[in-house]
Amino acid sequence: MIRIDVIWLATEPLDMRAGTETALSRVVKVFGRARPHHAYVFANRRANRIKVLIHDGIGVWLAARRRNKGRFEWANSLATPGLSISSEQLNALVLGLPWRHVGDEGIITVL
């Protein structure tokens, strides 16, 4: 199992053709560096695809998910380049549910 302590949501869209190196470069640009046991979640412009880059302390993992119908609810890029969400919020997000009101803690950190 991959340990994830913090989940970061990037609000700027990412080209879904991007591979591991491009996604990692975006993490460094937006969040300063890739921290161990942190996950970084990106969406494309239409928000119907997401990619998750996870630093496990040794290397990085890159996973993708696509919605066949509809889109993922995404944060406004004008407000902040990235924000931290809870694991419950991530679970709701990847299912296409409204994640902003999930759990008691809400949005934890804004960059």
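Pro13 is found in the loop that connects strand E1 to helix H1. In this predicted model, the residue is partly exposed, with a relative accessible area of 24%. Its C-alpha atom lies 5.0 Å from that of Arg45, although 32 residues separate the two in sequence. When neighbours within four places in sequence are left aside, the contacts of Pro13 are with Arg26, Ala43, Asn44 and Arg45.

The protein chain as a whole contains two helices and five strands, arranged along the sequence in the pattern β-α-β-β-β-β-α. Of its 111 residues, 40% are buried. Among contacts between residues at least 6 apart in sequence, 57% join residues at least 24 apart.

The five strands form an open sheet in the order E4-E3-E2-E1-E5, and the pairing is mixed. Strands E4 and E5 (82-85) are the edge strands, each pairing on one side only. From one strand to the next, the twist averages 25 degrees.

Strand E3 (residues 49-55) and strand E4 (residues 60-66) run antiparallel and are joined by seven bridges. Within this pairing, Ile50 has Arg65 of E4 as its bridge partner, and Ile54 is partnered by Trp61, also in E4. The hairpin of E3 and E4 has four residues between the strands, and Gly57 in this hairpin adopts a positive phi near 95 degrees.

Arg66 also belongs to strand E4. Apart from neighbours within four places in sequence, Arg66 is in contact with Asn48 and Arg49. The C-alpha atoms of Arg66 and Val94 are 9.1 Å apart, with a sequence separation of 28 residues.

Helix H1 (residues 20-31) lies across strand E1 (6-10), strand E2 (38-43), E3, E4 and E5, and runs at about 105 degrees to E2. The length of H1 agrees with expectation: at 1.5 Å a residue, its twelve residues should span 16 Å, and the end C-alpha atoms are 16 Å apart. The buried residues of this helix are Ala23, Val27, Val30 and Phe31. Viewed down the axis of H1, these buried residues fall within an arc of 80 degrees, so they line one face of the helix. An α-helix has 3.6 residues a turn, so residues three or four places apart point the same way. The cover over the buried residues of H1 includes E1, E2, E3, E4 and E5. Glu21 and Lys29, on the other side of H1, are exposed. After H1 comes Gly32, which has a positive phi near 95 degrees.

The loop between H1 and E2 contains His37. His37 counts as buried, since its relative accessibility is 18% and the cut-off for burial is under 20%. Not counting residues up to four places away in sequence, His37 touches Arg3, Ile4, Asp5, Val6, His55, Asp56 and Gly57. One of these contacts, Gly57, is the residue with positive phi in the hairpin of E3 and E4.

In helix H2 (residues 87-94), the buried residues are Gln89, Leu90, Ala92 and Leu93. Seen down the axis of H2, they fall within an arc of 165 degrees, so they line one face of the helix. These buried residues pack against E1, E2, E3 and E5. Just after H2, Gly96 takes a positive phi of about 85 degrees.

Note on methods:
Residues are numbered from 1 along each chain as its sequence is written. This is a predicted model: local features need pLDDT of at least 70, side-chain atom pairs count only at pLDDT 80 or more; totals for chains, interfaces and linings use all residues. Side-chain values use heavy atoms; hydrogens and water are left out. Buried means under 20% relative accessible area, exposed over 50%, partly exposed in between (1.4 Å probe, protein chains only). Contact means heavy atoms within 4.5 Å. Two strands pair if DSSP finds at least two bridges between them. Axes are lines fitted to C-alpha atoms, for helices over the stretch in contact, and angles run from 0 to 180 degrees between N-to-C directions. The expected span of a helix is 1.5 Å times one less than its number of residues. The arc is that of the directions from the helix axis to the C-beta atoms.
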